[in-house]
Amino acid sequence: MVPLLLQSPDGDIIDCVLSHQQPAFDHPRLRGQKPLDPPERPSGHNTRGLRPKSFQLWRMEGETCPEGTVPIRRTKQEDILRANSVSAFGKKLRHFRRDTSSNGHEHAVGYVSGEKYFGAKASINVWAPQVQNQYEFSLSQIWIISGSFGNDLNTIEAGWQVSPELYGDNYPRFFTYWTNDAYQATGCYNLLCSGFVQTNSQIAIGAAISPSSSFKGGQFDITLLIWKDPKHGNWWLEFGSGILVGYWPSFLFTHLREHASMVQYGGEVVNSSPFGAHTSTQMGSGHFAEDGFTKASYFRNIQVVDWDNNLVPSPNLRVLADHPNCYDIQGGSNKAWGNYFYYGGPGKNPKCP
């Protein structure tokens, strides 16, 4: 019998939980059900190509969970104690209120809006940015967005993040997120509440990613695809080439039951303005976009899924940095990388005091 508990080199404990006993099935709408079968993938999507044998630390020894189970990173007591409260654990604080500096979320993103979107795909460069204190984070992700930026905002999010508060360390970790009320009462990271249904026994959401990229050295990226199954309407997540992670049931959402009205790609940090100055928490690699390949972090082959379940290059991709002296972004396109951008920065510097 395979042990149903695995120890990771970074101190994580991974539990192999029977698929139908994962947190999602505590949801009243899912009780007694089983995970769905895989949906039809978007056309134009290549599932051949690189299959990373293991991109997470807990798999380095070749260990894996048995079929019929899902690997879940165990929440320890100290994880919860680092949160402001038990109810705040695993939640993003409301971060679209751009009018308050106390919340201090800063972005450098590429985005498309004005059409109906049914998914998104990109390859995201992985780094291990420095985060100044445990109340801040640095992440790079895809946002699938619908609704207004008022209280009815729906989002589906996936990418990598460094969050000492959530995980107790500075490893970049694979994460997911969702909300249907602008980060207020619903939604959470990873599998920390009922919502996302995991269907994969090889990937632990919230586990550390390895390797990460190095300055002027080897570059590593992860490819993520999120798309709406045309048949059942659920939003699925795929990692790399053909590795299905799981899905967000459509009933979790209001606006996203139909489609997304905006897709964003890029970086976000929390600036808690420690000691009255701008944080030195890094975004991406900690270097500005103009430094380019092997120095600045990138998103490449940026695509959206259209109404007919086709993957297409994101039309009219615009870029925006809300504090360009601290973190910036520069877009472009070429044959190999399609639509791409470099983004990020060091935070605190002479132009960003």
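Me: Start with Ser8. Is Ser8 buried or exposed?

Reply: This is a predicted model. In it Ser8 is buried, at a relative accessible area of 6%, and the cut-off for buried is under 20%.

Me: Where in the fold is Ser8 placed?

Reply: Ser8 is in the loop between β1 (5-7) and β2 (13-18).

Me: And what is Ser8 in contact with, leaving aside neighbours within four places in sequence?

Reply: Leu57 and Trp58. Trp58 also has a charge over its ring: the charged end of Arg59 sits there, 5.9 Å from the ring centre.

Me: OK, other topic: strand β15. Why is β15 described as largely enclosed by the rest of the structure?

Reply: Strand β15 covers residues 297-305, and seven of its nine residues are buried, so the rest of the structure largely encloses it.

Me: What does β15 pair with over four bridges?

Reply: Strand β5, residues 119-125, in the antiparallel sense. There, Val304 of β15 has Ala120 opposite.

Me: How many bridges join β15 to β19?

Reply: Three, and those two strands run antiparallel, with β19 spanning residues 338-344. Tyr342 in β19 is opposite Tyr298.

Me: And what about β16, in which sense does it pair with β15?

Reply: Antiparallel, over three bridges, with β16 at residues 311-313. Leu311 in β16 stands opposite Val305.

Me: Which residue in that β15 and β16 hairpin has a positive phi?

Reply: Asn309, with phi near 60°. The hairpin has five residues between the strands.

Me: Now the rings. How many aromatic pairs does the count come to?

Reply: The count is 19 aromatic pairs, taking ring centres within 6.5 Å. One of them is Trp337 with Tyr340: the centres are 5.7 Å apart and the planes are at 85°, so this pair is edge-to-face.

Me: Are Trp337 and Tyr340 buried or exposed?

Reply: Both are buried. Tyr340 also pairs with Tyr342, with centres 6.0 Å apart and planes at 75°, so that pair is edge-to-face. Tyr340 and Tyr342 are both buried.

Me: Which residues do the ring pairs link into a cluster with those?

Reply: The cluster is made up of Phe293, Tyr298, Trp337, Tyr340 and Tyr342.

Key:
Residues numbered from 1 in each chain as written. Predicted model: local features only at pLDDT ≥ 70, side-chain atom pairs only at ≥ 80, totals over all residues. Heavy atoms only, no water. Buried < 20%, exposed > 50% of the residue type's maximum accessible area, 1.4 Å probe, protein only. Pairing = 2+ DSSP bridges. Phe/Tyr/Trp six-rings, centres within 6.5 Å; stacked < 30°, edge-to-face > 60°. Lys NZ or Arg CZ within 6 Å of the ring centre and 35° of its normal. Contact = heavy atoms within 4.5 Å.
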